[in-house]
Each structure stands twice: as structure tokens, then as C-alpha cells.
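Here is a short briefing for a reader new to this model. Look over the sequence and the structure first, then read on.

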Amino acid sequence: MTGPTTDPTIVRWTSLDSPLGQLLLTADEFGALTSLSVPGQKGGRTVQPAWRQDAGPFRAVGDQLAAYFAGELKEFQLEFRTSGTDFRERVWAALDSVPYGATTTYGEIAARVGAPRAAVRAVGGAIGANPLLVVRPCHRVIGADGTLTGYAGGLDRKVQLLTLENALG
């Protein structure tokens, strides 16, 4: 889909203040969101020298994140583009179906993507590699026994997000 005047290696970035700390957002050359990272995130992105700082592509995501953190937005309507294995993409897409204020388990996500129950660890790995924290709600996935397990952004942020969504029983 790239034409002769586009460069697929261009990464645009900006940072935004949030209740979770300073968010790092990246977008591709078309302005589609490619990642949202929080400070100290396991596997989170860091600004690279060749990236271009440009707040332009991030106005909609900034507005929607502000509304989400204010408790006024329950579902993001953003253009995003991720790059993962077929399995990871299926898992990440399954995250999109977990509604605001609800939680699901790793086993339920495995079932949604047609993976056997034994694949729960692989599902957890895919969820942990989610490049779009908050936007793709991996924070809504909990342990089968109801415990709050794993979150690349830290369990304190997971609690913060689930509390915002009134999803903690």
C-alpha cells in the first residue's frame, strides 16, 4: 500500500501526560497508532534517534485517552496498525472484544482464538507483548482464580485501570 512517496520506516512519536505517567505513542507514516507505552513497561518502546517527533497524528488518540481517563469514553475508535505473528494478532484482536468494565481470563482468550487450554502460557505471552496498552485492553485479562496477574505496565497500573472501569469486584 505504500507508494513511491511514502517511507515505511518513518516512525512518528509524541508523549502525553496521563494518570499512568508519561505515555509514549508511536504512529506509522500514515498516522496509524502503532504503540502506546507507559514508563517502565516491560517490552515498552523507547524513542529512537531516527524517529520524528510530531504531535499531529496523535490528536484523536490524545482526545480519546483524556475522555477515557475522565470516565467519559468506554470504547476507543482509532486507526491502529500492529505487527505480530498470526497468533499474536488473533490474541490481540480477541482483547478488543472484552467490554469496558468487564474482565476475562487467559483461558477464555485462548478459547476465543481457537487455541487449546494448554496454550494459556502462549496466550499470556502474546498479551504481554500487546503494543497498545490501554487502547487494546489487556488490563482486563485476569487469572482463572480471579487474581490480578501479569501486566506489562505493572500491576499497580492494572489496578488503576480496572478501578477506573469499575471492574474490580
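**Pockets, a helix and a listed site**

The residues lining the second largest pocket divide into six nonpolar, three polar and two charged. Here Ala, Val, Leu, Ile, Met, Phe, Trp, Tyr, Cys and Pro count as nonpolar, Asp, Glu, Lys and Arg as charged, and the others, Gly among them, as polar. This is a predicted model: local features need pLDDT of at least 70, side-chain atom pairs count only at pLDDT 80 or more, and totals for chains, interfaces and linings use all residues. Residues are numbered from 1 along each chain as its sequence is written, and side-chain values use heavy atoms, with hydrogens and water left out.

**Second largest pocket**

- Its volume is about 190 Å³.
- The lining consists of K42, Y106, G124, I127, G128, L133, C138, G150, Y151, A152 and K158.
- A pocket is an open set of points on a 1 Å grid over the protein atoms alone, where a 1.4 Å probe fits, with protein on both sides within 12 Å along at least five of seven lines; lining residues have an atom within 4 Å of a point.
- Helix 4 (residues 120–128) gives the largest share of this lining, three residues.
- Helices (H or I, at least four residues) and strands (E, at least two) are DSSP runs, numbered from the N terminus.

**Largest pocket**

- The largest pocket has a volume of about 290 Å³, the space filled by probe spheres set on the points, which are joined across faces, edges and corners.
- It is lined by 15 residues, of which E75, F76, D96, V135 and P137 lie nearest its centre.
- By class, this lining has nine nonpolar, two polar and four charged residues.

**C138**

- UniProt lists C138 under "active site" in an unreviewed entry; such annotations may be inferred rather than shown by experiment, and positions follow the numbering used here, with feature names shortened.
- C138 sits in the loop between helix 4 and strand 6.
- C138 is buried, with a relative accessible area of 3%; buried means under 20%, exposed over 50%, partly exposed in between (1.4 Å probe, protein chains only).
- Leaving aside neighbours within four places in sequence, C138 is in contact with L95, I127, N130, L133, Y151 and K158, where contact means heavy atoms within 4.5 Å.

**Helix 2**

- V91, W92, A94 and L95 are buried in helix 2 (residues 86–95).
- They cover an arc of only 155° around the axis, so they lie on the same side of helix 2; the arc is that of the directions from the helix axis to the C-beta atoms.
- The buried residues of helix 2 pack against helix 3 (106–112), helix 4 and strand 6 (141–142).
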